[in-house]
Each structure stands twice: as structure tokens, then as C-alpha cells.
Amino acid sequence: MELATPPGVLLESLPSLYVHLPFCKSRCRYCDFNAWVWKGQDLGRLVDALLQEAELRVPGLRPQTFFLGGGTPSLLPPEELLRLLQGLDAILDFRDSSLESSMEANPESFDEATAEAAVAGGLNRISIGAQSFRPPVLAAYDRPHGPEDIEKAVASARGAGFENLNLDLIFAFPGQDPLEWEADLNRALRLGPQHLSCYELTFEPGTPLTRKRDAGRMEEEDSDLCLHLFDRTLEICSEAGLDRYEISNFSLPGMACLHNLAGWRRLPLVGIGPGACGWGDGVHRKNISDPAAWQADLEGGGDGLEESSTPNSQTSAFEHLMMGLRLEKEGVRLSRVKESTGVNVEDLPGDPLALLVAEGLLEILSGPEGRVLRATPAGFPLLDHSLQRLLPEGRG
Amino acid sequence: MSKKLPLHRIRNFSIIAHIDHGKSTLADRLMEHAGAVDKNRSRDQLLDSMDLERERGITIKAASVALEVDVRGEMHLLNLIDTPGHVDFSYEVEKSLQACEGALLLIDAAQGIQAQTVANATLAMDQDMEVIPVLNKIDLPHARPEEVLEQLEHVLLLESESCISCSAKTGKGVEELIEAVVDRVPAPTGDQDNPLRALIFDAKYDEYRGVIVNLRMVDGVIRKGDMVHMLGAKADYEVLELGKFTPDPKPCDSLEPGEVGYLISNIKKLGDVHIGDTLTVQKGERASRLPGYREPQPMVWCGLYPVRSGDFENLRSALNTLKLNDSSLVFEPESSDALGFGFRCGFLGLLHMEIVQERLERESGLDIVQTAPTVPYEILMQGGNLHTIHSPGELPESNLYEEIREPVVTTHLLIPVEAIGAIMHLCSERRGRFLRQEHLSPTRVMLTWDLPLSEIIFDFYDKLKSGTRGYGTMNMDEPRFEAADLVKLRILVGGNEADALSIICHKEVAERRGRSVLRKLQKEIPRHQFEVALQASIGGKIVARESIRALSKNVTAKCYGGDITRKRKLLEQQKKGKKRMKSIGNVEVPQKAFLAVLSTDE
């Protein structure tokens, strides 16, 4: 079995750390993340609160991966970025413990100074939200940058010493010619990224884009065309030496994003910052989403927590499948699901797994690591269908 | 109403009219004139109003009103008997007319004679009733009384001099109308010394009092406390309460020949009372049954299935509740491979079906899948047995029967002359047989066609309305069964026969129907992760095929460690949406696809 990274690299017992920076320059029309338009809120106080939460909840964490996401972390002035990273390192010792330390950046706000602060703060991987190289598409998404800003941001990252670089791209913009997507992809590849995330445009509930579609002013692309673009993406990336290891993620050999891999493998995760989610010891934890409310809670002596919940074992097992089946080649090790949740997914009521295997959508392989469940090539683009059938009947 | 009036002072009459020609308004004016209601009670259309039917905790929709009026110095009792307004077939009006000796034929002076005017008038004249034509809305600026009077003479052979003009809205002409009722409608005949004989012409279910029976007395006297017998239902009851509607229910001690009133006993279900039945005494000399009444047969059938299979018993109890108030609704449990357990329901006609479904959904709150309506068919089996089927699924193998007979109705279509071509074309396309064409006036014509009822239930009425720019009206006589060259069209979804989608149709159109049903299904069934084959077959031979392309991609693009709960909930929601569909094999079929066979898309 070909794994995106050798199994020994990420340890099942060790946590990953995610830190959320909630502000953006503007709101993208497709985005349903916990992102807030920055209207001059005090970013220094935000950094204080992030450090305060880390100190309060996870001093000495020593995470095996670290990811600073958003929002737009590159919105932080270089000195605040550096203060955040150094502060976190003092509390958590991530520079020594992490195999990979990433940060998300937006092209309009990632200049040389920010890139240098990121490197000085101990980061070794940068993920730039390019999305598209076509001005009309960027405009339709309300992205606050142009194609040339992407190239400048990549140059800043390289100049500061980032050797591991990812670009985020979106395909299947309604009405787009398939060749335009191929051109976008090729232009991204010419920048020499170690990693690409290529997302099909998703009409998430509640976004301006979805409202536009629901009002009949925009039509989603037909699934045949989406599959064609999905397949073309794989071909073009393969030719450039980038392998697909997850639905939307491609990398040079050995350059898969370890932090995200840990998530798909359901390894423990600590989330710091407004709306950040975490997971460990069978408990889901979610912070207060509103940055002001989260900050006020911490400043008032609280821990920023909105809710924690303990899903039942069936739901936990399903979450293992939901995440792990996204890993195209790796799949889910069934013994690990059993160990982690107590549920044998080959023994579910009505045996949906056997049906899905019989229908050729999923397959079970036996290897040195035990029985592994994964999607077949035919079933991979239809994963949501399989997952719906694997959902436990009651509510978790 | 203390003193009983002699028979010759009693008149029993109905108002018959096309919908919206002013029947309810005229009834209000007559009641006001008789002082039955206070003029200051500003509510219009008293006979229809539910608020006024509340008295002592009972709600009754008055089926009749007893009016005491002074005509030329003598008190008369006029019983106005209500006829149902919205009917599929004209014979549904019959039960009310049987309780009367005369009828006011109300015609809108602007709209003129319509299909139901003709049908109802014919029905009344066939029963030898006195028909008094009344021109209503004469004060409207676009009233054209001369033209309507000419239609009256020409179409109904009623003398225009016999016609009375009025305005039900203003009350103009109402007094003259009352005099005409007294002068022209014959007084009822009957003998109080004969054995009790009364016609049950209507019944309503009341939540608190049980069934309230409407009676028209013919012979004998009925008193509170009597034991009575229903000849047709073969059931005995004690008379707990007698009364008259004035229009509020007013109890009385007895009812005598010619009178119209109500009876309350301990009757629990409307189904226990047969409309048209004869009431007589339990002990002693019994009267013979009153003639001429036929039980209306359900002519439109469809399957009703709960979306959630656990709701089967809830649907049964909802249907039982409706049946308490609507004895013409019939239903029996049936099961379908595709839809599970449900009920096959029979209705008098399409209109009746719509009313029942609307009430069912509103009153029960259940999610219901309806299969396409079908007519009943008579199957002449090898060996000569005749039996009736109510769903295409019941049709035996073709080698087991000799012929299929379908209901055919003589249909009267009243249309503007310029629509003749379009409507003639529509009728012949629907396998109609042309009978005659009569000109009512230079602008209006009545076409009479024999049409298979099954062709009428497929959007015929809509086509009539669009073909006549809304001016066409139609009326159907009682259906009869005739042999026809019919076949069963089976629909296969993903290789599995969808029993709930099969239809019986004429051999000549079967292929075309098959294709159009498949095209409709292609639009209604969402794409699956595999290709779905759609086929139509007749007698084992595939006559049409289509396919629904496989859904090629269905996977969440972006899902990371922090989003787990949210993404799982999204999947749960999507799954819930699918659960509201029914599956045929492994194909999920939404509710409205089951009506696909109704589509004609010519």
C-alpha cells in the first residue's frame, strides 16, 4: 500500500495544533468559514488573547504539527505575527516538536516582511490562497487581489526561505470553459509549488454565492463537467509530478500536508482561537465563534469554549470513515476505528459496508497493517453517496 | 312554527344553477323575506355559513330551510332544499331534487346558460318537476336578458314568459318569485294515516351529536321517541330529536307529510345511513321503498400512501374521520412493491378526489404519495364472469379475460362558436364519439360527445378551458361501461416493474403514452450514482426506453479536521431529503414522479 507519508512519521498519540486568526480584508462570496471582515479591531489584543488561551489550556503541548489558519493570518502586521509565533513557541515548544509548521496567507497581504517574520517565527510551510488567475473569476468571488499578487506572494515566500509551498485553487466556476481551468492549473504549476489544493466550487449553505444560485441567477455546473475537470486535474498534476493523496490535495512525493493528514486520520487536535474546533479522548470541543465574544470571554477569565460534546460510538466511528475515506490510497484502517471507538464497522446494522463493497464503490484490502477500507476509483468521486449510506440511523 | 299547516300550504323546492350564478345569495334573500333571519345579521350567504350553524354545541350545515311566508294573506311553509354546488356528475344533485316538487332554475343574465344549467334543468324535468326559470343579476350593466331568454326557449324548451327576473343582490323580484313558488310548484301529496314513509335525502356528521339525518316526509307521522326502521340499511333506531332548520336547528315534537326536517338518533357513522333510503316504522305495517334512487359509484380511483411507512395507521384513521362526513368516499388497504402499504381510494369524480385530498393533508398533516388516478374497469373473464378492478395492478393476464370495458360518459360541452374546431379536435383526439351540435345562440354552441372517462381525467378540463379562453363549461351524465381495445402499459425503473406507475390505456396510444411517461420520469427522478434505465412495456414487449444518466460526482470538496461536525450534519440533512422519497429497487423516486403518468405532453 502506498501511503502519502510513512506511517511512523505521524504518531497516533500526539496532538496537532491549530490556531485560528478570524479576520479577512473582505469576505469571499463562496466562503462559509468562521471569517470576519477586519474593521480595525486591535490585532495586538487578539494576539494576547490567543496566547492567553494557549497558556490556559495547553502549556507544554509539544504538538507534532502546527497550522496557523484563518481567516487571513497574513493580515497580522509582521511584528504581531512574530510575537504570536514566539509566544506560542514559549508556551508550547512547537518549533522543536513539530514536523511541519504551516501558515495560510493571502496574496494581497503576504509581502517580504510578513514572509520573513513567518520564517523567523519558526514556520516552514506556506499555503497561499490563489484560487484563480483569471481577473473576472477573482472579481466574481470578491477576492481582494489580482493574478500578479499571487506571483509576488510566491516570490516573497521563496525569498524568505519557504521550501514547502502550497497554492489553493478553485475549479468549476459556473460557465467556465474547461480549458480556462487547465490554463489556471498550468500557471500555478509553473510557480513550482510542492503542494496544490484544487477545490471544486462548493455552494455552501448561507453564502452569497448559494443565495445567488437559489435565486436562479447562477447555475451550478453539471456533475459530468465537474468530473471531467476533476479527472483533468489529476492528469495534469500527475504529469507535473504531483500525486493526489486526498480528494482535493496533490503533492510532490513526501510533501503531503502532515497537519491535514493528521486530521483525516482523526488524530488528536487542539484548536485555539475564535470558532476553532478540537478533538481528543472522544470529545469534540468548539470555541466561541464571534472574535469579540471569544476575546471578551478570555479576558474575563473564561476559556473561550462554546460547547463540548461527546458523540456516541457509532457517530465517532462514522467520523473516522468520513475523514479517512478521503485519503484515496491510504483509506481507513478498520482496527484503528475499532480501537478508537469500540465499533466494528463491518458489523453495522443492515451491513451497509458490504452493500457498498458489492456495488463497487468501496473496497476492503488486507495488508500488513490489517484490514483497510477505501474508496474504489469509481467510488471515490461519489464518496458522499457512500457516506450517506454509512451514516448511523439515530442522531449522534 | 307552533301550528301545523295543511299540506296544500306546503311547497318543497330547490334552487339549481351553474356555479356562481347566485344560488347562495338568492337563498339569503328568500330567508330574509321570510323573516327567517334578521336583516341586520350582516353575514351574507347564510345557508353556507358555518358560524350560524352552531347551536347548543352542535354544528350542522343546513341541508334545508323551512320558511314561513305570508302570500296574499295566507301563511305558507316553503322548504328550500339545498343542492350540492360542486359536483362531478349531474346525478349527484338527484338526491336533493327527489325531496322536491319544484325547482328554481337560476341563470346569470350576463353569463347565460352554462353546461350545468342544462344538466340540472334536464335532471329536474326528467323527474317531472315544475321548473321555474329565474334570470338573476338583471341589474348588471352587461346583462343580456333577451339573448338568455332565447337560449332558454331554444335549448331547454322553457317558455320565456314563464321566466321571472330578479336581482338576488338587491332583492328586486324576490316577492314575485315567492308567489310563483306558491302558485306553480305543486303541493306535496301524502297521507298521515298511511304507514310512515320518509326519504333520507342528506346526512351530516356532527362531532357532538353523531349523524344528523335530513328527512322529507311523504306519509305518516314521525314523533320523538318513535322506533324507526331504515328499509335499505335494515337498521332500527330510536328518534332522539326531531327538528327543522330555520336555518338554525329548531327541535319539534313531530314531522308530518310534506314537511322537511332533521332526525338525530344514536347513529355513529355516516356510512350507516344510505342517502336515498326510506325510513318507516320498526313495528307494525311498513311502507314500501321510495323509487328511483341509485347509489353513486366511485368513478375515479387512486392509491394514497404515507411517505413514512410508520404512518399507515395514521392514514387509516384520517380516512375514517373523513368518511364520517363523506359516505361516498371508499377505501381499502392495498400494497405496492414500490410504495409499501397504503389505501386504494374511490371518489365520485376528480373534483371529489381533489376535495378529499386537500382535506386529508390539511386535517391530518400527513405526507402522502398519491398515485395517478384511474377509472374502474369491468373485466369480462373467460367463462363469462364480470368483475370490476380499481387499479391497473389488478388486471389479470391477457389470456384470462375476453374483454375490458371502460366507463364512457355522455359529455355536454358549452362553448363559444369560435372554439368549435379546437374542442372537436380535442374530443376526437381523446377517442370521443360525436353525438350532436346545437346552437344556443349565434355565439354559443353545445357539443355532445361520448368520451371515455379515462380520457377526461387526463387534463381534459384544463384543455377545454384553454381551448375556449376560459369560457367553456362541461357537464357529464352518468357513466356506463363499454368494451374497448385496452392494454396495460407497464413501467420499469432500473429493471424493476413499478406497479404504482402502470396504467391501462388504449392500444393505439399506448406507445406514445409510454414514451411521454418515460420522458416525464426522466425529469422527475434525480440522478443516481448509477445509470437508471426506464422502460415501458406492453404484454412483455418493450415499446419505449430512456435512461437517466449516472450522477458522476458527489463528494465534498473541502473537509478538514476542524469541520467534522458541520460536514457530518450536512450529510445527515442530505440523507433526510432522500428519505422522503420512495424507492423502486435501489432507485429513489420523489413523490411527484408518481403522477408522471398523467402527463400527456403532446
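This is a predicted model: local features need pLDDT of at least 70, side-chain atom pairs count only at pLDDT 80 or more; totals for chains, interfaces and linings use all residues.
**View 1. The interface between chain B and chain A.** On the side of chain B, 29 residues are in contact with 45 residues of chain A. The two chains bury about 3600 Å² between them, and 51% of this area lies on carbon and sulfur atoms. Within chain B, the residues that lose the most area to chain A are B:Gln529, B:Lys553 and B:Tyr560, which together account for 19% of what that side buries.

**View 2. Salt bridges and polar contacts between chain B and chain A.** Between chain B and chain A, 7 salt bridges are counted. One of them joins B:Arg549 to A:Asp224, with the closest N and O atoms 2.1 Å apart. The side of chain B that touches chain A comprises 12 charged, 9 nonpolar and 8 polar residues.

**View 3. Helix 15 of chain A against helix 12 of chain B.** Helix 15 of chain A contributes A:Asp384, A:His385, A:Leu387, A:Gln388 and A:Arg389 to the contact, while helix 12 of chain B contributes B:Leu571, B:Gln574, B:Lys575 and B:Lys578. By class, this contact has 4 charged, 3 polar and 2 nonpolar residues.

**View 4. Helix 1 against helix 2 within chain A.** Helix 1 of chain A (residues 43-57) packs with helix 2 of chain A at an angle of about 10°, the axes being 10 Å apart. Since angles under 35 degrees count as roughly parallel, helix 1 of chain A is roughly parallel to helix 2 of chain A. From helix 1 of chain A, the residues A:Gly44, A:Val47, A:Asp48, A:Leu50, A:Leu51, A:Ala54 and A:Glu55 meet A:Glu80, A:Arg83, A:Leu84, A:Gly87, A:Leu88 and A:Ile91 of helix 2 of chain A. The residues of this contact divide into 7 nonpolar, 4 charged and 2 polar.

**View 5. A cis peptide bond in chain A.** The peptide bond from A:Gly70 to A:Gly71 is cis, and its omega is near 20°. A:Gly71 lies in the loop that runs between strand 4 (65-70) and helix 2 (78-92) of chain A. In general, most peptide bonds are trans.

**View 6. Positive phi values at two arginines of chain B.** Most residues other than glycine have a negative phi. B:Arg431, although not a glycine, has a positive phi of about 60°. B:Arg431 is located in the loop between helix 8 (420-429) and strand 26 (433-439) of chain B. At B:Arg469, phi is also positive, near 50°. The loop that holds B:Arg469 lies between helix 10 (460-467) and strand 28 (473-476) of chain B.

**View 7. A salt bridge within helix 1 of chain B.** B:Arg29 forms a salt bridge with B:Glu32, their closest N and O atoms being 3.2 Å apart. Both B:Arg29 and B:Glu32 belong to helix 1 of chain B (residues 23-34), where they are 3 residues apart, about one turn of the helix. Over all chains, the whole structure contains 65 salt bridges.

Conventions: Residues are numbered from 1 along each chain as its sequence is written. Chains are lettered from A and ligands numbered from 1 in the order in which they are written. Side-chain values use heavy atoms; hydrogens and water are left out. Contact means heavy atoms within 4.5 Å. Buried area is the accessible area (1.4 Å probe) that two parts lose on being put together, summed over both. A salt bridge is a side-chain nitrogen of Lys or Arg within 4 Å of a carboxyl oxygen of Asp or Glu. Ala, Val, Leu, Ile, Met, Phe, Trp, Tyr, Cys and Pro count as nonpolar, Asp, Glu, Lys and Arg as charged, and the others, Gly among them, as polar. Helices (H or I, at least four residues) and strands (E, at least two) are DSSP runs, numbered from the N terminus. Axes are lines fitted to C-alpha atoms, for helices over the stretch in contact, and angles run from 0 to 180 degrees between N-to-C directions. Angles under 35 degrees count as roughly parallel, over 145 as roughly antiparallel, 65 to 115 as roughly perpendicular and the rest as oblique.
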